[in-house]
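Welcome! Take a moment to look over the sequence and the structure below, and then we can walk through a few of its features together.

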Amino acid sequence: MSAPTQWREWTSVVLGFYLLLVPLLNGDSATALTVLVAEVGGLLVIGAAIRTLMRPGSTMARWTQVVVGALLVLSPVALGFVELTGAAWNAYLVGGAVAALALSTFVPSREDAASSRDRESVRAG
């Protein structure tokens, strides 16, 4: 994994730590369920991002990040804390960002596309 793609994993690590800190920032509005979702979600996001950093070529590690992000997005509806808007929006936004960052690594960058075109022209020529 090159440095241009590692920023995505480090961003996910930061988002995971944000989720860990959210219950402390929310104070009274946090319920036991939302604290559990934030803490477990944060740890899973951090773990998945670090796993991706440790195994740069692993698509399974990236798909793990996508699944964790999707579970976070679904958690307010599935666990019934939609009415707690702060906790729900944290889950929606952080989960969506983690999933989008992981999915964006599957899209080739312009540099990757240009280098593959160069390789193809060398083979053809």
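## A buried arginine and its partners

Arg62 is buried, with a relative accessible area of 9%. Please keep in mind that this is a predicted model. To find the residue, look along helix α3, which covers residues 59-79 and contains Arg62.

A search of the whole structure finds one salt bridge.

## A nonpolar patch on the surface

Now let us turn to the outside. Leu33, Leu36, Val40, Leu44 and Leu79 form a nonpolar patch on the surface, and together they have about 400 Å² of accessible area. Which helix gives the most to this patch? That is helix α2 (residues 32-54), with four residues. Val40 is found in helix α2 and is partly exposed, with a relative accessible area of 39%. As a general point, an α-helix has 3.6 residues a turn, so residues three or four places apart point the same way.

## Helix α4 and Leu103

Helix α4 runs over residues 85-104, and Leu103 has its place there. The helix has 20 residues and reaches 28 Å from its first C-alpha to its last, close to the 28 Å expected at 1.5 Å a residue. Its buried residues are Ala87, Ala88, Asn90, Ala91, Val94, Gly95, Val98, Ala99, Leu101 and Ala102.

Leu103 itself is partly exposed, with a relative accessible area of 38%. Which residues does Leu103 contact, leaving aside its neighbours within four places in sequence? They are Trp63 and Val66. The C-alpha atoms of Leu103 and Gln65 are separated by 8.7 Å, although these residues are 38 residues apart along the chain.

| Residue | Relative accessible area | Class |
|---|---|---|
| Arg62 | 9% | buried |
| Val40 | 39% | partly exposed |
| Leu103 | 38% | partly exposed |

Methods
Residues are numbered from 1 along each chain as its sequence is written. This is a predicted model: local features need pLDDT of at least 70, side-chain atom pairs count only at pLDDT 80 or more; totals for chains, interfaces and linings use all residues. Side-chain values use heavy atoms; hydrogens and water are left out. Helices (H or I, at least four residues) and strands (E, at least two) are DSSP runs, numbered from the N terminus. Buried means under 20% relative accessible area, exposed over 50%, partly exposed in between (1.4 Å probe, protein chains only). A salt bridge is a side-chain nitrogen of Lys or Arg within 4 Å of a carboxyl oxygen of Asp or Glu. Patches are made of residues with over 30% relative accessible area and no salt bridge: like charges are joined within 9 Å, nonpolar side chains (Val, Leu, Ile, Met, Phe, Trp, Tyr) within 5 Å. Accessible areas come from the Shrake-Rupley method with a 1.4 Å probe; for residues, only the protein chains shown count as cover. Contact means heavy atoms within 4.5 Å. The expected span of a helix is 1.5 Å times one less than its number of residues.
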